[in-house]
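Biologist: Could you walk me through this one? I'd like to know what the words mean before we use them.

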Amino acid sequence: MAELAELEDPKARAVNEKHGDDHGVNLGKLRALAKRLKTQQELARRLWETDDTAAKLLAILISRPKAFERHELDVMLRGARTPKVHDWLVNYVVKKNPHSEELRVAWSADPDPVVASAGWALTTERVTKKPEGLDLAGLLDVIEAEMKDAPDRLQWAMNHCLAQIGIDHAEYRARALGIGERLEVLKDYPTAPGCTSPYAPIWITEMVRRR
């Protein structure tokens with residue numbers, strides 16, 4: 001914790017706080033520290049319990065993803081608090097855990113929109129890597145009915161799923177494009193030069209073109 005405190009940079013904190021992340025540690029330096037510590041599951045658990053955002057990010061990097069029980073990951077996600085911790089936990093730990101599919105189903109139906117967004121993130125992973133058994137038409141039905149009025153983080157996750165269905169599954173591409181055009185979610189999102197807009201019709205068209 002003392003070492004993390006030394007890495008604290010007020011400028012980095014100011015930038016991170018604009019995105020809802022209350023820490024000021026440069027992520028490159030955080031990864032270097034994790035590389036030095038290597039995998040340490042018990043230390044990871046203790047760092048997580050501090051409830052300090054930088055410590056939680058470090059905990060994720062040095063943890064053993066397959067070592068967590070399902071209930072542990074559920075508690076961790078609900079206590080993640082900040083967007084970066086939430087995203088890293090889902091992408092670096094939950095996706096590699098044997099309970100990921102059970103959690104995907106449970107979280108997708110959760111009344112908490114931030115928890116539900118994690119379920120959608122796991123669904124998007126399956127849309128791309130393991131679509132067998134997924135009801136893609138049913139997912140599009142839910143997106144069409146609920147995405148427009150969903151809270152920000154849930155809306156973002158549903159939009160990513162919509163785009164990925166359109167990108168990876170040609171038979172649903174026209175419908176995905178149509179839903180994106182009608183709902184206009186993230187149509188006016190500010191996009192830096194050289195980056196692809198998260199507006200689904202532009203995103204889908206550009207990724208398909210590149211392929």
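This is a predicted model: local features need pLDDT of at least 70, side-chain atom pairs count only at pLDDT 80 or more; totals for chains, interfaces and linings use all residues.

Modeller: On a 1 Å grid over the protein atoms alone, a cavity is a set of points where a 1.4 Å probe fits but cannot get out, while a pocket is an open set with protein on both sides within 12 Å along at least five of seven lines; lining residues have an atom within 4 Å of a point. Numbering runs from 1 along each chain as its sequence is written, and side-chain values use heavy atoms, with hydrogens and water left out.

Biologist: Which residues lie nearest the centre of the largest pocket?

Modeller: Pro83, Lys84, Asp87, Arg153 and Trp156, out of 27 lining residues. Helix 2 (10–18), helix 7 (83–93), helix 9 (113–129) and helix 11 (152–168) each give at least two residues to that lining.

Biologist: And what makes something a helix here?

Modeller: Helices (H or I, at least four residues) and strands (E, at least two) are DSSP runs, numbered from the N terminus. On that count the protein has 13 helices and 0 strands.

Biologist: How do you know which lining residues of the second largest pocket are charged?

Modeller: Asp, Glu, Lys and Arg count as charged; Ala, Val, Leu, Ile, Met, Phe, Trp, Tyr, Cys and Pro as nonpolar; and the others, Gly among them, as polar. The second largest pocket's lining has 7 charged, 2 polar and 2 nonpolar residues. Among its residues are Lys95, Glu101, Arg104 and Leu122. Helix 9 gives the most to this lining, with 4 residues.

Biologist: Why is Thr53 called buried?

Modeller: Buried means under 20% relative accessible area, exposed over 50%, and partly exposed in between (1.4 Å probe, protein chains only). Thr53 has 2% relative accessibility, so it counts as buried. This residue sits in helix 5 (residues 53–62). Beyond its neighbours within four places in sequence, Thr53 is in contact (heavy atoms within 4.5 Å) with Asp22, His23, Arg81, Thr82 and Val85.

Biologist: Is Lys38 buried or exposed?

Modeller: Exposed, because its relative accessibility is 58%. You'll find Lys38 in the loop between helix 3 (27–37) and helix 4 (41–49). Lys38 also has a positive phi of about 60° without being a glycine. Most residues other than glycine have a negative phi.

Biologist: What about Leu186: buried or exposed?

Modeller: Buried, because its relative accessibility is 16%. Leu186 lies in the loop between helix 12 (173–183) and helix 13 (200–210), and has a positive phi of about 65° although it is not a glycine.

Biologist: How do you know whether the radius of gyration agrees with a compact globule?

Modeller: The radius is taken over C-alpha atoms, and the globule rule is 2.2 Å times the number of residues to the power 0.38. With 211 residues, that rule gives a radius near 17 Å; the protein has 18 Å, so it agrees. Buried residues make up 44% of those 211.
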